[in-house]
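Here are my notes for a colleague opening this entry for the first time. Please keep the sequence and the 3D view side by side while reading.

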Amino acid sequence: MINVKVVVCLLLSLCAVAWSTPVVRPLPPTKPTSNDTAAISPFRNPVFDMKLTPEQMRSGVIDERYRWRNGFIVHPDRGFNQNEYSVINDALYELSQHLCIQVLMWPQDSNPTGDYVEIMRGGSGSGCWAWVGRLGGRQDLNLQFDGCIYKHIVQHECIHALGYYHEQSRPDRDDHVNILWNNVIPDTSHNFDKMDDTTTFGVPYDTRSIMHYDSYAFSSNGQPTILAKDGSTVGGNSITGNDIAKLQRMYNC
Ligand SMILES: [Zn+2]
């Protein structure tokens, strides 16, 4: 009998915790663009911004284990101020408009459970980065407070967490862009590796993808490191139609 009481009490207290910290959807933006509130320039490129498990180095985004099945769920760190929080909210709201899975946010002051992305407010030098795909339980996504809290960077990192690598990692990238290796900072060339095991979901290569590095990423000398085959520059800072198509195919929308 005592054991039953203990179990019931435990269940009730768990329910109380769950009821007191509801997960909510991001709200529509209340102002034209929250990027206006940010005072510091964004990084030109999210540098070293993907983290991969040893297994993912082999299997990539094809493996459905890494998909979010019960919604893409995030928890913004308590440290984000109101302006920073609204940048994150607005980025997620826009992303949610293109996805058929729910995008949900734990309130900042809650203690999340289950699978979720902890969006951390990182200190100077911590960078913008995310793990690729759903790993299970808490997984971190870092936004350095001075340089990463911009709508397109939040979306870029969240799309990593949803399961995407960089556009220039696609197996077919050499048909669309040239890597100018002589201009790449030595020891950073791995950032231009192709991921041969990934799938393109039949969506055309997009040099303006929000997941594409820009033309001067990891440049050692101010000269371009990636150019389109026609010599034009590459990179984008907003979600494109092809980005949406890939996300929708990955999640069977
Ligand atoms: Zn990235």
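This is a predicted model: local features need pLDDT of at least 70, side-chain atom pairs count only at pLDDT 80 or more; totals for chains, interfaces and linings use all residues.

1. H5 spans residues 241-250. Its buried residues are Asp243, Ile244, Ala245, Lys246, Leu247 and Met250. Among the elements that cover them are H3 and H4. Just past the end of H5, Asn252 adopts a positive phi of about 50°.

2. Next, helix H4, residues 151-162. Its 12 residues reach 16 Å from first C-alpha to last, close to the 16 Å expected at 1.5 Å a residue. Is H4 enclosed or open to the outside? Largely enclosed by the rest of the structure, because 11 of its 12 residues are buried. The buried set is His152, Ile153, Val154, Gln155, His156, Glu157, Cys158, Ile159, His160, Ala161 and Leu162.

3. Beyond residues up to four places away in sequence, Gln155 touches Ala91, Glu94, Leu95, Ile210 and Ile239. Glu157 is also in H4. Its relative accessibility is 0%, so Glu157 counts as buried. An unreviewed UniProt entry carries the annotation "active site" at Glu157. That annotation may be inferred rather than shown by experiment.

4. Now the packing. The largest nonpolar core has 39 residues, and Phe72, Leu143 and Leu162 have the most contacts inside it. Elements that each supply at least two residues include strand E2 (72-76), helix H3 (82-96), strand E6 (138-144), H4 and H5. Which element gives the most to this core? H4 does, with 6 residues. The core also draws on both domains: at least three residues come from each of domain 1 (20-162) and domain 2 (166-253).

5. Setting aside neighbours within four places in sequence, its contacts include Tyr66, Trp68, Phe72, Leu95 and Leu99. Leu247, Met250 and Tyr251 are also among them. A second, separate core has 11 residues, including Val177, Tyr205, Phe218 and Val234.

6. One approach between parts of the chain is worth checking. Cys128 is in strand E5 and, at 1% relative accessibility, counts as buried. In sequence, Cys128 and Ile153 are 25 residues apart; in space, their C-alpha atoms are 7.7 Å apart. Ile153 is one of the buried residues of H4.

7. Finally, the rings. The structure holds 6 aromatic pairs. The ring centres of Trp68 and Phe72 lie 5.2 Å apart with planes at 90°, so this pair is edge-to-face. Trp68 and Phe72 are both buried. Phe192 and Phe218 also pair edge-to-face, at 5.9 Å centre to centre and 80° between the planes. Both lie in the loop between strand E7 (177-179) and strand E8 (226-228), so their pairing ties together parts 26 residues apart in sequence. Phe192 and Phe218 are buried as well. Ring pairs join Trp181, Phe192, Tyr213 and Phe218 into a cluster.

Notes. Residues are numbered from 1 along each chain as its sequence is written. Side-chain values use heavy atoms; hydrogens and water are left out. Helices (H or I, at least four residues) and strands (E, at least two) are DSSP runs, numbered from the N terminus. Contact means heavy atoms within 4.5 Å. Buried means under 20% relative accessible area, exposed over 50%, partly exposed in between (1.4 Å probe, protein chains only). The expected span of a helix is 1.5 Å times one less than its number of residues. A nonpolar core is a set of buried Ala, Val, Leu, Ile, Met, Phe, Trp, Tyr and Cys residues joined through side-chain atoms within 4.5 Å. Domain bounds come from an automatic or database domain assignment. Rings of Phe, Tyr and Trp (its six-membered ring) pair if their centres lie within 6.5 Å; planes under 30 degrees apart count as stacked, over 60 as edge-to-face and the rest as tilted.
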